[in-house]
Amino acid sequence: MIKIAVYGKGGIGKSTTVSNVAVVLARAGLTVMQIGCDPKADSTVLLRGRKQARMETVLDLVRNRKDDFSLDDMVVRGCAGVLCVEAGGPSPGLGCAGRGIIAALETLEKKGAYDIWKPDVVIYDVLGDVVCGGFSMPMRRGYADKVFVLTSGENMAIHAAANIGMAVENFKSRGYAGLGGIILNRRNVKREQEKVEELAQDLHTRIIADLPRSDLVPEAEEKMMTVVEGWPESAMAEAYRMTACAILQACGRELPESLRTVGVMEC
Amino acid sequence: MTEPKDPDLCRTLGKISAMEKELNHNKDNINMRQVSARISTYTADVSGVCSALFELGGMTVIHDPSGCNSTYNTHDEPRWYDQDSLVFISGLTQMDAILGNDDKFIRDIIRAAEDLKPSFIALVRTPVPLLNGTDFEGIALEIEARTGIPVMYFPTTGMETYIRGAGMALEAVVNRIPDPAFHGKRKDSGQAKSHGEKEGLSLEKGPWVNILGATPLDFSIGQTMDSLKDWLDRRGYRVRSCLAMGSGPDAIRTAGEADLNLVISGVGLPAARVMEKRFGIPYVLGFPVEDYGRILDREMSSLSGADSDQAEDSPSDDLYGGELYDGEFYDSEFYDKEKSDLQDSNLNTDHSDRGSWVVIGEPVTSISLACAIYMRTGIRPEVISPLETDPEILDWAKEALNVRDCGEEMAGESKQGMKKIGAGGISCRMIQGEAALEEALRPYTRIIADPLYQPICPGKAEFISLPHEAFSGRIYRKQIPDLVHAFIDLGLKAD
Ligand SMILES: Nc1ncnc2c1ncn2[C@@H]1O[C@H](COP(=O)(O)OP(=O)(O)OP(=O)(O)O)[C@@H](O)[C@H]1O
Ligand SMILES: [Mg+2]
C-alpha cells in the first residue's frame with residue numbers, strides 16, 4: 001500500500017489533479033482510495049459525478065450516528081471504482097476544523113478502512129494551507145509515506161509550497177512523511193518554469209510532473225467528471241497519466257502493465 | 001461512616017453536598033446519567049498510568065497544566081512521600097496549546113532526561129492535548145531519537161478509569177521486556193519448566209509466578225500485598241516479579257521466565273495476554289480471598305505444571321483431599337442447600353431468607369471475594385463492577401467456582417482444555433453511572449462496598465464497608481482490610 005498526501009495553495013488544482021490521477025491508477029487495476037481532508041468536502045465530486053453528488057462525510061456520520069455506522073457508510077464508489085471518502089468538518093464558523101480532520105482520520109482507521117478495503121493507493125487531498133496541527137495529520141507517522149506539493153508559478157502558490165516544504169522538513173525527526181516532489185500545475189505566468197525549479201532546488205526536491213493549463217479541465221468540471229474519463233485521448237489526459245506514473249515512481253513502485261507505455265517525462 | 005478529619009476533605013465534602021442539592025433540583029431537567037453527585041468517582045486513567053509505572057525507574061511526564069498531577073499525588077498515590085519516583089507535569093499553558101509549542105515540551109523532557117537518566121520515558125495524554133490533537137507518537141519518536149532512551153506514549157483521555165490507564169501501562173511494559181527464549185532461558189512455550197538449573201529448583205520449590213495488576217489503587221499499601229506473597233510462598237510458588245509493586249526493574253526484566261501469571265485485578269489482564277502470546281505463559285484470574293485461595297491454588301497448580309501430588313505436599317492448612325465435589329470442598333451444610341443450584345449452575349441471586357448480597361468494586365477482587373463468601377456461607381453474592389470490565393472477566397466470573405476436572409484425565413486432553421466442574425460462578429454485571437447504580441442496588445439486603453457508596457444504597461440494606469483506595473483515596477485507608485484474610489475485618493467470620 002502506498003499512501004500519499006497532496007498539499008498546495010487553496011484553489012491551485014489539488015482535487016482536480018488527484019481525482020484524475022486516481023482514475024488513471026484505478027483503470028490500471030489498482031484499488032485506490034481518495035480521502036478529502038477538507039471541511040468543504042468537495043475533493044471527490046468529479047469522481048462521484050451527478051448521480052452521487054451528495055455523500056455523507058465521516059464527521060456527518062459521527063455527528064448524526066455517534067458510533068453507530070459502518071465502514072461502508074463512509075465510502076462511496078466513484079468513477080473507475082475509486083473509493084471516495086470525505087472527512088468533512090464542523091458546522092461552518094464553529095468548532096475546530098483541524099481537530100475534525102484528526103478525528104475523521106482516526107475514525108476511518110478505527111473502522112478498519114485500510115485493513116478491510118486494502119487499498120493499493122491512498123491519496124489524502126488536504127486543504128490549501130497547513131494552518132494548524134490537524135492539517136498536518138495526513139503527514140503523520142502511519143498516514144502518508146510521501147508528500148507531494150502542487151504549485152503554479154504564481155508567487156502566492158510558491159510561497160504556500162515553500163511553507164509546506166518547510167513543515168515537512170521540520171517534522172522529519174518525528175518520522176513524518178518525506179517530500180515526494182513538486183507537481184507543476186501551470187497558470188501560464190511569466191518565468192513559471194524557472195520559478196518553480198528554483199523552489200524545487202530550495203526544497204531539495206524536483207518537479208516530478210508538469211501539467212499544462214487546459215480548457216478541457218473546466219469543461220470536465222462542468223460535466224462533473226474527470227478529463228481522463230471524458231477525453232481519454234487528449235493531451236491533458238496523457239499529462240495526468242504521466243503524473244500518475246511519476247507519483248508511483250517517486251514512491252518507489254513499479255508501474256502496472258498498462259501504464260508502462262505512457263511516455264516517461266524528462267526532467 | 002466515619003467523618004474524615006482532614007479539613008480540606010470536609011470542605012470538599014461540604015461543597016459536594018451543596019452541589020448535590022443543586023443537582024437533585026435539576027435532575028429531572030438534564031440528562032444526568034454520567035454525573036456523580038452523591039458518590040465519588042474512580043481514579044482516572046492518567047493516574048492509573050503513573051501508578052503502574054511508579055516503581056519502575058522511568059520518568060513519567062503528564063502533558064497538562066497541572067490538574068492531573070495534583071490529583072495524582074494528593075489522592076491517587078499513597079507512595080508519593082515515602083518513595084522516590086520521577087513523575088512530572090509539562091506545565092502546558094494556554095498559549096502553548098494555541099501556538100503549538102511542542103518544541104518546549106520536547107526540550108524540557110530532553111533536558112530532564114539528560115539530568116536524571118531514567119530507564120524509560122512515558123508520555124501521558126490529558127484532556128488538553130487530546131482536544132488539541134497533539135501528535136504524541138511523533139513527539140515520542142523525536143525524543144527517543146534524540147536521547148537514546150526508550151519512549152512510550154499512553155493515549156489516555158482523563159475520562160476513563162485507572163483500569164484502562166494502568167492496564168495499558170503494564171501492557172506496554174511487558175511488551176518491552178526481553179524474551180528469555182532469546183537468551184536460551186526458556187524452551188518452547190507450553191512446557192512450563194525450562195533450563196536445567198531452574199527445573200532442578202522447581203522440583204523442590206515449585207513454579208515461578210508473576211503477579212499482574214498490583215497497584216495501590218486496588219491493594220493500597222497495607223498488609224494485602226505481603227499477605228498475597230506469603231500465601232504464594234506457603235503454597236510453594238516463587239514470585240518472579242510483581243507488576244508493579246515491590247519488584248525492581250531487574251525482577252521485571254526477567255518476568256518472561258515465569259511459569260505462570262496470576263492476574264489479581266482487571267489492570268493485569270492486558271499484560272497477561274501479551275505474555276501468553278509472547279512467551280506462552282498461561283494465566284489465572286483471581287485473588288486468594290480467604291477460602292477462595294483453595295480454588296485458585298488448584299487452578300494455578302494445574303496450569304503451572306505443578307501436579308496435584310505436589311499440591312498435596314503443601315502445608316496442612318490446605319484443604320485438599322478426597323474428591324472436591326463430595327461436599328468437603330464446600331461446607332457440606334450449604335452444599336446440600338445449594339445442590340440444585342450446583343447442578344444447573346444457576347447464577348440467579350439467592351432470594352431465600354438469607355437475603356441477597358452484592359459486592360461493588362474492582363471486578364477480579366470482588367468476584368474472588370464473592371466466591372469466598374459463597375464457599376464459607378453458601379450465600380452467592382452478586383458483583384457489580386462500575387469499572388471497565390473486560391468480557392473475559394465476565395466469562396471467568398461465570399466459572400469462578402469451578403475447577404478443572406482432574407478426576408479422569410484423558411489421554412491427549414490438555415489441561416487447559418479440560419472440562420470444569422464445581423459450583424458454577426458468580427453473576428457479575430458492569431454498571432456505570434450513579435443513577436443506574438442506585439437503581440441496580442435497590443433489591444439487595446446486604447451491600448459490601450466502599451463507604452462512599454453508602455449515599456445511594458437502599459436504607460434497609462445492611463452496609464458492609466470495604467474501602468477501595470481508587471474510590472475513596474486516603475480517607476479510609478486505615479480500615480482497608482488485608483484481602484487475603486478479609487473476613488474478620490468485614491465482620492463475615494463464620495459463626
Ligand atoms: N490544469 C488546469 N487547467 C485549467 N483549469 C484548472 C487546471 N487545474 C485546475 N483547474 C481549475 O482550478 C479550479 C480549482 O481546482 P481545484 O478545486 O482542484 O483546486 P483545489 O486546490 O482542490 O482547491 P481547494 O484548495 O479549494 O480545495 C477548478 O475550477 C479547476 O477546474
Ligand atoms: Mg480541493
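Two strands are said to pair if DSSP finds at least two bridges between them. Strands themselves are DSSP runs (E, at least two residues), as are helices (H or I, at least four residues), and both are numbered from the N terminus. The structure is a predicted model, in which local features need pLDDT of at least 70, side-chain atom pairs count only at pLDDT 80 or more, and totals for chains, interfaces and linings use all residues. Residues are numbered from 1 along each chain as its sequence is written, chains are lettered from A and ligands numbered from 1 in the order in which they are written, and side-chain values use heavy atoms, with hydrogens and water left out.

Chain A holds an open sheet of 8 strands with mixed pairing. The strand order is β3-β4-β2-β5-β1-β6-β7-β8. Strands β3 (76-77) and β8 (207-211) of chain A form the edges, since each pairs on one side only. β2(A) (residues 32-37) and β5(A) (residues 121-126) are parallel partners over 6 bridges. Within this pair, A:Q34 has A:I123 of β5(A) as its bridge partner. Helix α5(A) (residues 97-110) packs on the sheet and touches β2, β4 (83-86) and β5 of chain A. Contact here means heavy atoms within 4.5 Å. The direction of α5(A) makes about 155° with that of β2(A). Axes are lines fitted to C-alpha atoms, for helices over the stretch in contact, and angles run from 0 to 180 degrees between N-to-C directions. Helix α7(A) (residues 155-170) also packs on the sheet, touching β1 (2-7), β6 (146-151) and β7 (178-185) of chain A. Its direction makes about 165° with that of β6(A).

Strand β1(A) pairs with β5(A) in the parallel sense over 5 bridges. A:K3 stands opposite A:V122 of β5(A). β1(A) also runs parallel to β6(A), joined by 4 bridges. There, A:A5 has A:V147 as its bridge partner. In β1(A), 6 of the 6 residues are buried, so the strand is largely enclosed by the rest of the structure. Buried means under 20% relative accessible area, exposed over 50%, and partly exposed in between (1.4 Å probe, protein chains only). Both faces are covered: A:I2, A:I4 and A:V6 are buried on one side, and A:K3, A:A5 and A:Y7 on the other.

The largest nonpolar core has 119 residues. Such a core is a set of buried Ala, Val, Leu, Ile, Met, Phe, Trp, Tyr and Cys residues joined through side-chain atoms within 4.5 Å. B:M300, B:I367, B:I447 and B:Y453 have the most contacts inside the largest core. A second, separate core of 48 residues includes A:V122, A:V149, A:A177 and A:L203.

In chain B, helix α19 (residues 391-399) has three named buried residues: B:I393, B:W396 and B:A397. Seen down the helix axis, these fall within an arc of 105°, so they line one face of α19(B). The arc is that of the directions from the helix axis to the C-beta atoms. The buried residues pack against α13 (269-279), β8 (283-285), α14 (292-304), α18 (363-377) and β13 (428-430) of chain B. At the start of α19(B), a side-chain oxygen of B:D390 reaches to within 2.8 Å of the backbone nitrogen of B:E392.

B:E77 lies in the loop between α3 (67-76) and β2 (86-89) of chain B. At 4% relative accessibility, B:E77 is buried.

Notes: Polar contact = N/O pair within 3.5 Å; in protein donor to acceptor, adjacent residues only side chain to side chain.
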